[in-house]
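Please look over the sequence and the model shown here before reading on.

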Amino acid sequence: GSAVMSGSTVSTSVGTLAMTLTSGVHLRLDAASTARVDSATDVTLERGAVYVDSAGRHASQPGASPIRVHTPAGLVRDIGTQFEVRNQARLDDARMRIRVRDGQVRVTLTNGVEARAGAGEELTTRLDGSDLSIDRRPIAVAGSEWAWAQRAAPPFALEGKTLGALLDWVSRESGWTVTFADSRFSEAARATVVHGRPDLLKGLTPAETLDVVLRTSGFRYRIDHDRVVIERGTGK
């Protein structure tokens, strides 16, 4: 609940941290990370990793990047997305890794090399002699690669929300596609209003959150690869 002023440096040790910039962009810092919040649109990552979710960003100038992440290796510009930037710099070089979960990012290295990455792609800077280059490879948008960012997510505000809103949150946080086993009851199920005290879901992962809420709402789920299938519970 504390405010972070522009120019402040924020560090974590064994825990993670979540914050929302005045631009509406959500940031999370991994354990053992340090970042300087330069403004509502600029963050300098000094060590560790930052996860960005710009879904809640406010309207700005057309084409403007809602957030820019600065590292010793270069600049990462958001193009409406979810992504992670990890500063892998050593004393004698500057390296970083970018993983994109949704949308796109644009990367500009300190030597002027530019690249874009879309959902399911990872870019890693590599030192060739005294010059930086970029390696690219595919990654999963769900799974262990995103575990720390899921743990760092603020809990879902349950009281008075619909089951559909929860399922959309779970899908965005986990990278899973959420479907219903029987489409005939999906509309009514998504409209179901759920209730719970504010601390009910604190500290739970998206999967644990889904399990708690569905059990009390008369539904259950199963995971099929990267899909979550919602089914009627016993007696429904």
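A polar contact is a pair of N or O atoms within 3.5 Å, where, within protein, one atom must be able to donate a hydrogen and the other to accept it, and where residues adjacent in sequence count only if both atoms are side-chain atoms. By that rule, the side chain of Glu-231 makes a polar contact with the side chain of Arg-222, at 2.7 Å. This is a predicted model, in which local features need pLDDT of at least 70 and side-chain atom pairs count only at pLDDT 80 or more, whereas totals for chains, interfaces and linings use all residues. Residues are numbered from 1 along each chain as its sequence is written, and side-chain values use heavy atoms, with hydrogens and water left out.

- Glu-231 belongs to strand β14, residues 227-232, where helices (H or I, at least four residues) and strands (E, at least two) are DSSP runs numbered from the N terminus.
- Glu-231 counts as buried because its relative accessibility is 18%; buried means under 20% relative accessible area, exposed over 50% and partly exposed in between, with a 1.4 Å probe and protein chains only.
- Leaving aside residues up to four places away in sequence, Glu-231 touches Ala-181, Phe-185, Phe-219, Arg-220 and Arg-222, contact meaning heavy atoms within 4.5 Å.

**The sheet and its helices**

- Three strands form an open sheet of mixed pairing in the order β12-β14-β13, and two strands pair if DSSP finds at least two bridges between them.
- The edge strands, each pairing on one side only, are β12 (177-180) and β13 (219-224).
- Strands β12 and β14 pair in the parallel sense over four bridges, and Thr-179 has Val-229 in β14 as its bridge partner.
- Helix α2 (residues 163-174) packs on the sheet, touching β12, β13 and β14, and its direction makes about 145° with that of β12; axes are lines fitted to C-alpha atoms, for helices over the stretch in contact, and angles run from 0 to 180 degrees between N-to-C directions.

**Salt bridges**

- A salt bridge joins the side chains of Glu-231 and Arg-220 (3.3 Å, N to O), the term meaning a side-chain nitrogen of Lys or Arg within 4 Å of a carboxyl oxygen of Asp or Glu.
- Since Glu-231 lies in strand β14 and Arg-220 in strand β13, the pair ties together parts that are 11 residues apart in sequence.
- Arg-220 is partly exposed, with a relative accessible area of 44%.
- Asp-224 and Arg-227 also form a salt bridge, their closest N and O atoms being 3.2 Å apart.
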